[in-house]
Structure formats: structure tokens, C-alpha cells
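Subject: The structure I promised you

Hi,

Here is the structure we talked about, ready for you to open.

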Amino acid sequence: MRELLYRLKDRYHFGTPTFQRDDLCFVTVKRSELRAILTELRDVEGFTHLTLLTAVDWIEEQQFQLTYMINNREANLTLALRVMLDREDATGDTIHDLWPTAATYQRELREMFGINFPGSPRVDEEFILEGWTDLPPYRRDFDTLAYSQQTYHDRPGRETHDPKTHMQKVLYADYPKGAK
Amino acid sequence: MEDVDDKFLKKNKEVPLREELRPRKVTTPDGQEIEIEPLRDYFCEAQPKVHPKAYSKIVEDFYNWARSNSLWILGFGTGCGAIEMRPLMTPRFDAYRYGIQWRPTPRQANLLVISGYLSVKTLKRAIRAYEQMPQPKYVMGLGSCTINGGMYWDSYNTIKRLDDYLPVDLYIAGCMPRPEALLHGFMELKQIIRKGEAEGANKYAENFAQYKANQKAVIKDWDMPDYNW
Amino acid sequence: MVNPLLILAAGLGAAFLLGLLRETSERAAFHTTVGALAVMAFVALSWTVALASGQTDPVEMLTAGAKPPFAINLRTGIAEAALTSVVTLTGLLSAFFMRRDLLRLGRRAMAVLLVLIMALSGLIMTRDLFNMFVFLELIVIATAGLVLLSKDTRALAAGFKYLVVSQVISILLLIGIIFTYHANGSLNIDDISEVPMGANGASLAMFLVLIALILELKPFPANGWALDIYESAHPGFSAIFSAASGSAALFAVYKVLAMAGPDWALLAAGIGIVTFVGANLLALAQTHDRRLLGYSSVGQIGLILLVIGFADRLGDSFLYIAGGLLVSHAIAKAGLFWLSGMVKARDLSDWAALRENPVLVVLFAVFIAMLTGLPPFPAFYAKWSFVHVLATDGAYSLMAVFLIAALIEATVLFRWFGMALKRSSGHSLHISLTGEAIALIAAALAIAVSWVWGNLSGQENLITLVPLLFALLFLPLDILPARIKNVLAIAGLVFWFAVTKNGLDPLRYVFLIIMVLGGAILLLASFHATGRRMGFYTPALLMFAGMGLLVTSETSFQFFAAWEFLTVGSYFLILRGQDSEPHALSYITFSLGGAFALLAGFAIAANGAPTFPIENLSEVPSRIAPYVFVLLAAGFLTKTAVMGLHIWLPGAHAEAETDVSPMVSGILLKAGLFGLFVLLMEMGRQELFGVDLTIVLVWLGALSAFIGAVLSAFQEDAKRLLAYSSISQMGYAVFGLALMNHLGWLLALMFAINHFVYKSMLFLAVGGVKERTHTKLMYKMGGLITLMPFTFVSVLVGIIAMSGVPPLSGFGGRWIFYNAIMSTDLRLPMILIFMAGPVGFLYLFRLIHTIFLGQLKDELRLTKEAPFWILLPQMLFVGFLLSFAILPGMILRRVDSYIGTLFGDTPLVWTGKIVDSQYGTWNPVAIWGVIATVFVVVFILLIWMNHNAQKVKQFNIVFSAERPFKPQTTHFAWNFFAPYRKAMGFLETPVATSFWSGVSNMLHGTADFTRKLYTGNGQTYAVQLLFFVIAVYLIAMGGLS
Amino acid sequence: MNSLPNFEWVQVAYALLTLFIVINYGMVMTAVVRKIGARVGGRYGIPVWQNYIDLAKNIALRSKITHGVMFYLGPVFRLTGGVGLLLFVPTIYGSEWHQNFSYAGDLILALYFIFFGTLGMALGAGESGHPHSAIGVSRGLSQVTMAELPLALGVYALSLQYQTLDITEIVAAQQGSIFNWTVFTNPLATVAAMVAFVGTMMRSPFDVVIAPQEIPIGPPTEYHSSYLALMQTNRVLFPVAKTVIYMNLFFGGATSWAEFAIKVFCLYMVSVVIGVVHPRFRVEQSIRFFLKWGLPIGVLAILTV
């Protein structure tokens, strides 16, 4: 894995790789080079399987992070490529022509994060939600609790407890000593 | 609730009608152009009716006895509770001995068991299935999710109170309730039916406007007729 | 009477006179020419009439005041007179036809024309070999001259090639004449024939003379030079070249052959049949109309040469046969060439332009029918007699070759006709009133000679048959609105039924009801048609006339003529359908093939007689009886579309018009069944090579019943489904007949009646749906039950009846079926029939479900019920089916007792309305009573319980808690029996279709290969000619020595 | 009324009695069979009167819908088919009461009348517009084309053997000794017919027609309330009526109701026993099965008569 990164480092711009395990590594790449890297990894290095494509909302940095996790089954290696996108104009590059499954991931990202992938098949169609009109629900500026409160009625009399304090009260009523 | 963010305001946009339901023009074989209005042309527009009980009390009692001993459940599992219903068919619990059986089509079922949390998307299907069942029909809510949202109390996409949307005859508490609890629930339901108190369908018809308003408030892309016959 | 020499004199005189006229007075020249031709024609005709009516005797005309052999003599007998009439009339009419061109070209052209006609007449009349040579030379020069006068530049090349080849021929002839003179010391034909020459040293001489004259006939394959002329010359001239020159040359050959003696006849016959076959085969590959006509001319002349070769054996009938063929050829070919003059472009499909003028279409049809030898034209009688003679002589293989070639010819011509009727042409018609008038005169002549030949035939004169005349009456009436014609037609059919019904046995009576009265009922549906509906009633009534005549026919000749009438009529009817061109062609090909099998069968059975009463089939000697049986059965089975011979049926029935489909399916198929009835009634069981032929029929019937049903289940097209179902149903009927027992026959008859009723009904119903939905594909329909309730009812009743479910009449058929198979020893074929039964449910359910049930489509939401007139017959049929189901005895009882007289048994006992057999009981009234009572009780019960049911709409279905997307995606229809296809789809392998397309490809391949001989090069043609001569010489001399 | 020579009004009463007995017998028997199945699986099983309760419940339903006339008539056709079939066949041999209307026709009538209800039901289901109904019908019709074949062959062999199509005569010929039954005198025909019997009882392995897991119960998907009640009645009546035919043809008929009850039950259990131990065939598999096993046996049967 390391050796692989060394080999590629000359031609592509990599961020600092994070090794979760020996066979699992995260590395940030430039958006413009993503396609080239993926193609090379797929065709030359044997990373034939797109394990997942997902996103992280770094609202504080005003960025979305796309994670392309690809897997080499022969060598049992998993490499995750991170690409940062601008949060305001969230548009990624479709890779459905490299892995057809990517189209489905991209539809999901479009719906849940509002990241567009122009050219991806059926990307504008509904994926899981039906008739969703609000902010994409996985964005961190979407307040799911507030939305839930404003949309679905509570049953009167329902109580909500913080699990930690509640269980403490139920199970260890006299802890710490003299608390009562 | 104290931790609700008051600054967040949900958007209430209209969802456009789906393409296949929009009125359109087609050309007939003789070249005439006709207007198709799918919702009106394909679906019956009649409202549900309140069906009175049989004239004679004896007959009605007999009917109720038969109904209570022949509960046909729609094989429709909505959440994790669906897995709790399977053991009922096994030798250990054997619900068949109580006249309970599962039917694959709503037309032949008269008991809808909402077996767990209902996402809005599933709610739409549950409503449709419920409305397609013949009267009298009964609804059982399974687990705390149907009662007050349960662990999905803050989900953006899961309803919290089933009885806002469908007339529930009986709730079974638990997360999830075990098959024994279900069996007990069925016995309770039988008692209710025999007493002639399981008139959920009539209640639904009486308060149809209210129920519909509640349903449409959460299902924004209401892409079906008001009442699914 | 005027001296026939005046014919020659007038021609020559006028030609000289033309030379005296001024160059500019074309009109005068034309009038002179026409006048001269008219005089010639008048003289020839007057002699023909006088000789034919016996007013005068044949005359010998001596020239130069001396007797032969010192001077040339000419003769005018009936043959000569008739032929000169043909020649001069063709010349006269063609002159009119070429009027504009003749005026343009001036007096020289007219003179050449006159000389040509004169020379042709001379060639016919002369009795002197050298004189013949002189006339031939004149003809050659005149022909070349006329060809060169054409505007077409290719004509120049053609004319040159013609000259080259003609000179070769002339040299051969001249040498032959010299040798002959050397051997005989005389050139007079009558003198020479007194000393038979075959055996002596003069055979080479005779050969040369003969071959030269035969070469004039453009025998296959040494005829490329002539075809170029047909292709490029003026059509008016081509008419002369084909009709007149051909006739004259043929007569010359005849004279020389008569002179040469019988030894040479075989040579002529051989060349004749090779030419007939070869030319027709090549015609298959043609796309150029005139070249096709050329090939056809060559073929026809080859045919007549064949007949001439048989002149000895034909004896008295020779003139009748040869004349019939020749006259038909001359008139039809001239007529077609004239028509081609009015068509601008030269591709076969360009004849579509003819549709601008219905009269021309009719003329086209007349000429084609005449050429093909369909009744009532002379060639029909000629073919009938000729095949009978061949059969008597035992020349079976020759007969087979002849009939196959005739079939190819018919295919070629009808393919062309189909193109003209169905294709579209980019060119409009070159309308010329003269041309039309001339073609009309030719048609009138055709009818006149048909009358003459009919009178001479010694049989019925077909053209005076009332039904035929009635059908033809609708040609002039075609200007009337369709509804008036329809009333007339129905009245005619009912009248004909009333007139002919007396004295028929019950079997024929039932068939007469189906065919004639049934036709009248089906014609009710034709009231739906608006406008004039040109060209519908003549063929329809021709078909019904054929069927009416078929049932009442007593002799083999009447039977066959009726068969041909109904074949032709139905062909024209089928051709009317929208996309029916290829299907109509395959229909006519198979039907004529079947008809020719019938002809052969009758000819063999006739055993020397010109015709025989149908009953006498039972007296055919046992030596030939099985073969007769096979041939006749093949003919009938083609019509009932038994598996293997069925491929014409689905297309023909499916593509026909709404009211035509039931006619050709419900009624026409019964003609074959009727034939089989008659055949089996008269001939009974026959054995060939130790195989009982009825068992073969049983197997064929069972196979058709099963495979027809399976294929039907796989159809997407509603009418095709019904068509395949017809194959299956007819299979049952054939099966029943071939069981050769009382109940089997009753079964066949029951199927005949039932199939007529429910298939007509279903075809009408589906046709009505098609009228509204404009499609026949079932998966495009669906949910029409509420929009077309009456049609639904008729389909419902139809399918219950057809499937054999009690209480409707189909059950009666099944019941008789079981009783029939109980009384036979055959067991294995039953298995197929048993399999066919439930398969019937497959296609029937599919028919009703896919059209009427399921999801209604957007486009069809406003569909209206089928038109009243299409519904009316259906409702009549529904009524009939219901009453026939309760009271089957009203028809069956009489037929049952009649069949009882045939077999001498009474397996069914009728007590009141109950039928008892040895094995079981059938009590239709009780069945009805029980079922109706239970049904009504249950229905009332349900209404009592469910009277308050909410009526819902098409998408109110439980769709796994989803909402159906669109009706198209919710209607389960396409490939409905997919699981069945998985298991039984191997039966779909188109074995029969690939076999027949293999045959067709082989024929076309041969034609294409042979075509390569025709390079279009003059030298090649000359060399070919010489090779041909040498080859024939070697063969002939080998045969003679 | 010489068209109905044997008819007397009292026959209607007799026939109603037969019908009443058979329906009740069928109600209880099918429930017992299910109970046996449950006991084999270690369950307690449904009450034996459960069929009656279900029937009453379905009739007691308050709201009903209809998709159209044919939809309405479908169950009527279906039940008429069942009742008619029963009435066209003599139920108890030798009993004047339970000859029903068998004089209306013979074996052929019964065999073809089987299709009456099927056809009507298929039409009714078709009008509901539900694709699953159509798929079920397509499967059912495809399968029945081959499933009925061994029966037809067996019956043909049988009628050749007895030289009659009259059911009463066939039963009469089997009286006297158990070894006079067709099952002993013509075992091949019986086996062939039993193949068809198992194939048409809508039980596993031949129940892909109603396959609840993939096309919710096939043709009757849209049927409910009293429609379903009629069909339920038919569902207990029709198999019995059909079994009666088999009993009469191959197993010596019945001379008393007790014999009737035992024989019908045993025959019915044949298909049940086969059903519980075999997985389901797809349609083309079952067609091939009938072609491979049913057809040859049937052919042998008619060749060896």
C-alpha cells in the first residue's frame, strides 16, 4: 500500500495518507486528478471494486468531503480517496462510466446532501425520499429534530429522559453517596 | 421541548403532481384528440361510507362472533415488528388455532398490523392498503414507534402517532412486543370486536376529512385519489 | 364469299398504294392502312364464321393457273381462317393503338406493318415450303423494320440482334428446303407428307426445316434475341410480335410437322415442354413488365408447341385444344402489351398506376385470368382436355411437369397483379381512349371466344352460368353505391339458394346453407361499407357462385370449374386487404397448386372420358384409385389448410378485410371439407403401398388440430390467432371424416356448421374491434368490455362454443367426437387430439382477455361499440348458437339419418330431444335446464348479498400497496403464455414455412442462374442458337435412329 | 315434456339434499385435512368448523366493490361449475335419491363441464384488471393443458375397457368385489388419471398458479366478501365433486354415504400427502413432468386395453 502510494506520488498530488490499518488507507486527492487516479487504480493496480461513495458535511469549513472507497480484492487492500468540494456550489464529477454502481451512490448523494453530479444517469430522480421539499436531510444545517417537531405530532404525556441521568436515577439512586 | 431550535423553519413547498398523473392529451385511433385526467379516469372518486350494523342485534352479534374468530391479517410488515409475527405461524405459538391467518391481498384481509415504525413513504402504502380492505377492518399498532415515535422520536421521516392517520383499535406496547404479547393483543381485539366496539372503519369514514388532512400534511406528494377503493 | 387471297392482295395492294401517296399526307396513309387491315380482317372473319357454321367448305387456292407442285397453292380451312382472323385483327387493333406513332413515322412504317400482316397471313395459308420461306423472310425484314422504328434506342440493338439471328435461321431453313427438294422432288407440303420422311435419308433435311421454324418460336433457352425485342419495341408492335407472329409461326411448325410425320412430334413436344418450363421459371425473376410478357409469350408458345407435338394423339380435339391455348394467348398477350403501352414506367410495380382507372384493372384481371387458363376462358377448356389426354396416355410425368410449370406461370402473373393492386407507383397513367377502347375490344373478343369454346366443349358452357353472369353483372353495376349492390347481392344469394335447394341430399343441403345462405348473412356486415366499394362484389359473388356450383355440381368438370371460380373469387377478395399482397399471392399459389392436383386426379380418374359424374369416382379401377385419391385429397387438404399445406392461411385470413375474413374462413374452408366428404363418400378407404390412406388423413387431421392450436396460442395478432385456430378446427373435421364411420362424419359436419358460425362471428367481432381501434395487435387493446358490450357477448359465446364447454353447441361436437373414437380401432392419433383440446382454451382465453378484459388504454377510452351492421350478423349467430345448443336435432337429425343410409347403421337414437348412442347420452335440454337454473340461483344469491357493491375503476386494484403506473404497463398481455412457450415453444419451429420458402428460393435461384445465359450480346445469342440446334440434333437423331 | 322423460320435481329436492351433504362434508373434510397437516407439523391446527366461520365472516363484510359485470359473474360461473359438476354425476351408486341429474349426459359432459367454472373464473379475474390475476390464469391454463391429458387418456382407456361412457354403468361394472375396481382391472389407466388428479388439485407441487409468495394468490387477487364466499364454497365443493368422478371411475364408486366419505377422504389425502412432501414446480417443469410421466402411462393404458 505504502509502496503503491510512493509510486503514484510522483505523478499525482496526494495529501498526507492516514493509515487506519495496514490494508486500509485514506488519502486526500485533488478533484482534477481524481478521475485519472481512479482509472489508473482500477485498470493498472487492480482496484476493481467501488466499495462505497459517500460524503461528509464539513459545515464549519464550508466544504463537502466525498469519499471514494475502492478495493483490490486480489491484494486485499482498501484505499479511500477524499475529495473536497465547495459547499456553496456542491458539484462533483460523475464516475458512473468507471463503475456503473456509482450512479446509484450519486443519486443518493444528490438527494441526501444536495451534491449534484451532472451527467450521471437518473441523478435528478427521487431515490429514497418521496416528495421531499426541504433541505437535503443529511446536510448539517438541516435540523432533523426541529423538522420532526414541526411535522409530526407528539403524543401528549410522552417523557424524554437523558439515558445517562435516567438510568443512573433508576439503577443507582444513591450514587454518588449522599446525592439524594 | 427545550432543545428545539426555533430558528429552523421547515419549508412548505408544493410538490408537483407526478408526470403519469398529470392530465394529458392523447390521439384516438380515429385521429380525435382527447383529454385524459388520470386521477379522475383511472380511479373511483367515491367517498367511504359509514356502514350501519345489521338490523337485528342477534345477527350483528353472530357476525361479530364470526369476525372475531376469523381474523385475516394482511401480510404487510412495515418495520422490525414484522419479524415478530413470523413465530406466530410456528408450532410454538400457532395463531391459526384462533382463526387467525395471513392473506396476501388487502381485499381478503380485515386486520392491518402496523408492525413497527412507519416512514412517511411506507405510511402512504399503509393508507392505501388499509383503504383497500373491505369493512369492517381493524388496525393494530405494534410497539412504541406506532404509539409515540419510540426511538425515532426525532426522525425527519418517521411518523410518531399512528392514530393521527389511521383509526387504531389496539396498541401493543413494547420495543418490540414479543409474540406472546401479540397473541394477547389478538385476544383483546377479539373481545373488542365481539363487544361491537371495533368500528374503526366507520370512524374513519365519519372523520374522513380530518384523517385525510393529517395524512396529506405529512405526505406532501399525495399521488393517489383521496380514497383508494 | 370473297376469295381469301384478297387478304394478301389487300395487304400488298395497300402497301404499294401507300408508296404513291405524298410524304405529308400521313392521315390519308393511315386511313388507307387501317382500311386495308379492316378489309383483311373482315375477309378472314367472314371465312371463319362461314367455315365454323358449316356454310362453306375449306378451299384450295391455286396460283399461276397450275396445280401443285407446279404452282404454289394456299388453303383456307377453319384453322387458317381463324388464325388469319387473329393475325389481321391484332394488326388492325395494333394499328389503331400505334396511331400516333404511325402518323409520326409516316407511310413507310405503315407499309411495313401491312406487309408484316400480309406475310403472316400468307405464312398461315401457304402450302408450299419455299413460299413459306419467302413469307418468313418478309416477316423477318418487316419485323426488323418495325422494331427499328421504335423510339427506344435499345430497340436498335435489339433489331440488329434479331436480324443476325434471323439470318442464321433463314440459312438453316433454306438448306433444309434444298435438301427436302433433293429428297422428295417437291416442295408442296401435301405432297411431301404422302411419303413419310422420318426414316429415310432426308431426315436431316426435315430436321433443318423443322428446327428453323421452331427457332422462329424462340424456344428456351435460345431466345435471348427475341426477348430484347419484347423489352424495347413499341408495345403495339410487341402485341403483333407476340400474338400474331407467334400464332403464324406456330401454324407453320404445325404444317411442317404434319408433313414430317409422327416421328418428329416428340421433338416438338420435348422442345415445347422445356420451353414452357424454362420460360416460366425465368419469368419468376423478372421485374421488367414487357420482358416478363416476353418470357410468358415464349412459355405459352412452348406450351402450344407441346400440344402440337401431341397432335396425333389428340385427334379431333387437337384444334380445340391448340386453338384454345393459342387464342387465349393471342388475345391476352396482345391485350397486356396494349395495356403496357398505357403504363409509363417499366417496373412491375409501376402497374399500380392502373388503379387510376378501374376499367383497366378489370381488363388486366381478365387478361391475366385468360392467360393463366382460368374459367371461363378457352385456355381453361384446353387445359382440361389436354391434361385428360395426357392422363389417358399415361404421360403422368409430363402432366406433372406441365402442371408445375403452369403453376409457376400463374404465380408469376398473379404476383404481378398483386403488385399492381397493392403497390404504389410514382408515375401516373398515360391515358389514351383509343388504347382503352382497343383493350376493351380485346376483352369483348375474349368473352366471345370463351362463349365459342364453351359451346364447343361438349360440357357446360361456363360463361352462360347464371351465378357467374350474376357476379359479372356487378362489374357494370360498380358505379352504384355499395349498399344498393349489397341488397342485390343478398337477394341474389337467397334467390340462388331457393332455386337450387330442391333435390339435394341433406349433406349437400347443409353445405349449401353454409355457403350460400351463410354468405348472405355475412354480406349483412358489408352494409357497413360506405361509398361504392369498387371491385368487391364481383369477386365476392364469384366466390359464392363457385361454392354454390360446387355443391350442386354433378360432373368432374363442373366440380373443377366451380373450384376454380371460388379460388379466383376468393383470391381477389383476399387481395383487397390492406397488407395482403404477399399473403394473397401465397394463397393463389397454394390454391392453384391444389386445383391442379384436383385436375390431375380427375384426369386420371376419367380414364379417357372428357368428364364423368362425380359418383363414378367409386368405379375408378383399383389400380389407379389410390393415386386419384392422393391427388384429390391433396387438392382438398390444401383448401382446408392441413398442417404442412397451411402456410398460406394465417396471412390470407388475417390480412383480409373485416367482412372478408369471415367469408374466407367461415365459408371458404368448407369447400375443401365438402370435397373431402365427396371424395371419401365415393372412394372410401384406399391403400397405397400397404398404407391405409384414411389413416394418413387421420394423422394429418390430428396433427393440424394440435399444432394449429399451439401456434394459435402464441399469436399476438387477433386475426392471426383466429386463423391458426381455423387450422386446428379444420384438423378436427378432417380427423372426423377420415375416421370413416358414421359418427366421425357427423362430427365433421358438426364442426363444419359450428366452425362456420363461431369463426364467422369471432372474425366479425375482431374485425369490428379493429374498425374501432385500428389495430389487430391484442396487447394494444384491453378493457373494452364496457365500451363494446355486444361484441364482448359474441366473443364470449363464441369462445364457450368453440372450447366445447357445455352448454353451448361446441359440446355436442365433443360428445360426438368421443362416441366416434370409441367406435374406431385407431388409438394413437387420439393422443394428439386430446392434447389439442385444452390448448384451445389457451388461445380462446387470450383472445377474450387481452381484448376485452384487463386495463383500458388511454387512446381507446372513447372507443364506440362496433358498427351496427357488423354486429347484426354476430347477434344472429349468437341466437343460432344458443338455439342449436338446445335443439341440435333440428339440423343434425336429418343429416344423421342420411349418413346412416351411407354406412347402413344407426349409432344414434333420437328420442325427443335426447340423443343416445351405444355408449352414452346427450340430453341438451336437461343440460341447459340444470346449468341455467343453478346459474340463476347462484346469481340471485350473489345479488342479494352484494347488491351494494361499489363500482370502481381500472386502477382500483391492490397492486402490492402501490399505484399502477400506466395502463400499458399494467395490462398483462404480450407473450401471454410465456411459460407455455418455454415448455412447448419448440413446436413453433417453422418447419413447413422453411420447407416452402426453400422451394421458392430454389426456383428463384434456378431462374437467376439461368438468366446469366442472357448476356444481351448478339453474337452470344447466335452462338447459343447454334449450340441449341446442335444439341437438339444430337438428341433428336439419337432418338430417331 | 318428452324431452325430459325422467324428470320429477322431487329430484330437485334429492339433488338439494346431495348438495347439502356434499358441501358440509367438504367444509369439514377440508378443515380436518388442514388440521391433520397441522398436527403433522406439531401445531394444534384450526378448529374443524373454521371454514363455516370464514364463510360467515366473508358474507358479513359490509363494503364491497365490483370491477364490472364479468367480475361479478366470475364467482357465479365458478360455483355453477362446481354445483353443476356434482349434479351431473351420480353420487351414490344404487341410491335413487342421489343420482342427481346424471341422465342429462355422460362422462364427457362431466369432463368438459369441469372447465365451465375455470373459464368463468378466469374471465372474472381478467376483468379485475389485475396483472397478477392474468399471470395466474396464464400459468393455470398452461399447466392444465398438459395436466388434463393423462386423465383424457385414462378415461379413454377406461371407456374402451367398459365400452360405455355412462358413469353409472362403469360403476356397476365394478361392483361385486374389490378386485373389480378399475384400479385393479386397469392399473395403468388409474395411474395416469391419478397423475392428472394430483396435477389439478391446486396443491404443491402443482400450485404455482396461485403462488402466494410471488403473485398474491393469482386469479382471485381482487375477490373478497361474498364473491370470495361463493368461491370458498366452490373450493370445498369442487374437489369433492371431482374426486367423486375419480371414485366412480376407478375406485368402485360408493354405495352409501359412509363409503363415500371414506373413499373421497382417502383420495383427497393422496394429493395432500404428495403436496406436503414436494416443493413447487414451475409451469414449464410441471408441463414437462406430465409429458414425461403422465403421457407415456396414458398411452400405455390405451394401448393395452
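Predicted model: local features only at pLDDT ≥ 70, side-chain atom pairs only at ≥ 80, totals over all residues.

**Who touches whom**

Four pairs of chains touch, and the pair with the most contacts is C and D. Chain A, on the other hand, has no contact with chain C; their closest C-alpha atoms are 13 Å apart.

**Where C meets D**

On this interface, 66 residues of chain C are in contact with 72 residues of chain D. Several elements of chain C give two or more residues to that side, including helix 32 (789–803), helix 34 (828–852) and helix 39 (978–984). Which one gives the most? That is helix 37 of chain C, with twelve residues. Sorted by class, the chain C side has 44 nonpolar, 17 polar and five charged residues.

There's also a bit of strand pairing across the two chains. Strand 8 of chain C pairs with strand 1 (residues 65–66) of chain D in the parallel sense, over two bridges. If you want to find the spot, look for C:K951, which stands opposite D:T66.

**A strand to look at in chain B**

Now go to strand 6 of chain B, residues 138–142. Is this strand buried or exposed? Five of its five residues are buried, so the strand is largely enclosed by the rest of the structure. In a regular strand, side chains alternate between the two faces of the sheet. Here both faces are covered: B:Y138, B:M140 and B:L142 are buried on one side, and B:V139 and B:G141 are buried on the other.

Strand 6 of chain B has these partners:

- Strand 5 (residues 111–114) of chain B runs parallel to strand 6 and is joined to it by four bridges. B:L111 stands opposite B:Y138 there.
- Strand 7 (residues 170–172) of chain B also runs parallel to strand 6, with three bridges joining them. In this pair, B:M140 stands opposite B:L170.

Helices come into the picture too. Strand 5, helix 4 (residues 120–132) and strand 6 of chain B make a right-handed β-α-β unit. Strand 6, helix 5 (residues 143–148) and strand 7 of chain B make a right-handed β-α-β unit as well.

Happy browsing!

Notes
Residues numbered from 1 in each chain as written. Chains lettered and ligands numbered in written order. Contact = placed C-beta atoms within 7 Å. Buried ≥ 20, exposed ≤ 12 C-beta atoms within 10 Å, placed from the backbone. Pairing = 2+ DSSP bridges. Right-handed = clockwise from strand over helix to strand, strands pointing away. Nonpolar A, V, L, I, M, F, W, Y, C, P; charged D, E, K, R; others polar.
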